[in-house]
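Reader: I'm new to this one. Can you walk me through how its side chains pair up?

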Amino acid sequence: QVNLAESGGGSVQAGGSLRLSCVASGGNFNTYTLGWFRQGPGTDREFVAAISWRGGSIYYAEVVQGRFTISRDNAKNTVYLQMNSLTPADTARYFCAAARSLPPADWGTSGASAKIPYWGQGTQVTVSS
């Protein structure tokens, strides 16, 4: 069982930045692909970014490519999401997720979230115009 705890959400004006963190416990962190999804008001949960256990494979949703950066520190059991140039469209609850058998390239495919066993409770990000 892997437990995930997100932090770092908040309110920011358009153009601003936030860094989300997710600390994992209860599992062998170094063997999991980690990533982020988000869910806005009245929308389905959508893929944001994913990183392989060594950090050598990283994928982003097209809508965040070039603005968001995912990284991980295996020594701290933590994955990060640096979000820059935020817009109101980025307003959502952001969820950290972990999966051992789903590679980063598959996280953005249809039905991927149903294949990911571990989820955090989420952290709210609100971007005002």
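Reader: Is Glu46 buried, exposed or partly exposed, and what is its relative accessible area?

Author: Glu46 is partly exposed, at 34% relative accessible area. Bear in mind that this is a predicted model.

Reader: Which side chain does Glu46 meet in a salt bridge?

Author: Arg38. The N to O distance is 2.5 Å.

Reader: And Arg38, buried or exposed?

Author: Arg38 is buried, because its relative accessibility is 6% and the cut-off for buried is under 20%.

Reader: Why would two such side chains pair at all?

Author: Opposite charges can pair when the charged atoms come close.

Reader: What salt bridge do Asp90 and Arg38 make?

Author: Their side chains meet at 2.9 Å, N to O. This pair links distant parts of the chain, 52 residues apart. Asp90 is in the loop between strands E8 and E9, while Arg38 is in strand E4.

Reader: How far apart are the closest N and O atoms of Asp90 and Arg67?

Author: They are 2.8 Å apart, in a salt bridge. Here the two residues are separated by 23 positions in the chain. Arg67 sits in the loop between strands E6 and E7.

Reader: Asp90 and Arg67: buried or exposed?

Author: Asp90 is buried, with a relative accessible area of 1%. Arg67 is buried too, at 17%.

Reader: How many salt bridges does the structure hold?

Author: Three. Arg38, Glu46, Arg67 and Asp90 are linked by salt bridges into a network.

Reader: New topic. How many aromatic pairs are there?

Author: Four. One of them joins Tyr32 and Tyr118, with ring centres 6.0 Å apart. Their planes are at 75°, so this pair is edge-to-face.

Reader: Where do those two tyrosines lie?

Author: Tyr32 is in the loop between strands E3 and E4, and Tyr118 is in strand E10. The pair therefore ties together parts 86 residues apart in sequence. Both Tyr32 and Tyr118 are buried.

Reader: What about the rings of Phe37 and Trp107?

Author: Their centres are 5.9 Å apart and the planes are at 35°, so that pair is tilted. Phe37 is in strand E4, and Trp107 is in the loop between E9 and E10, 70 residues apart. Phe37 and Trp107 are both buried.

Reader: Which residues form a cluster through ring pairs?

Author: Phe37, Phe47, Trp107 and Trp119.

Reader: Last one. Which rings does the charged end of Arg45 sit over?

Author: The ring of Phe95, 3.9 Å from its centre. Also the ring of Trp119, where the distance to the centre is 4.6 Å.

Definitions and conventions:
Residues numbered from 1 in each chain as written. Predicted model: local features only at pLDDT ≥ 70, side-chain atom pairs only at ≥ 80, totals over all residues. Heavy atoms only, no water. Salt bridge = Lys/Arg side-chain N within 4 Å of Asp/Glu carboxyl O. Buried < 20%, exposed > 50% of the residue type's maximum accessible area, 1.4 Å probe, protein only. Helix = DSSP H or I, 4+ residues; strand = E, 2+ residues; numbered from the N terminus. Phe/Tyr/Trp six-rings, centres within 6.5 Å; stacked < 30°, edge-to-face > 60°. Lys NZ or Arg CZ within 6 Å of the ring centre and 35° of its normal.
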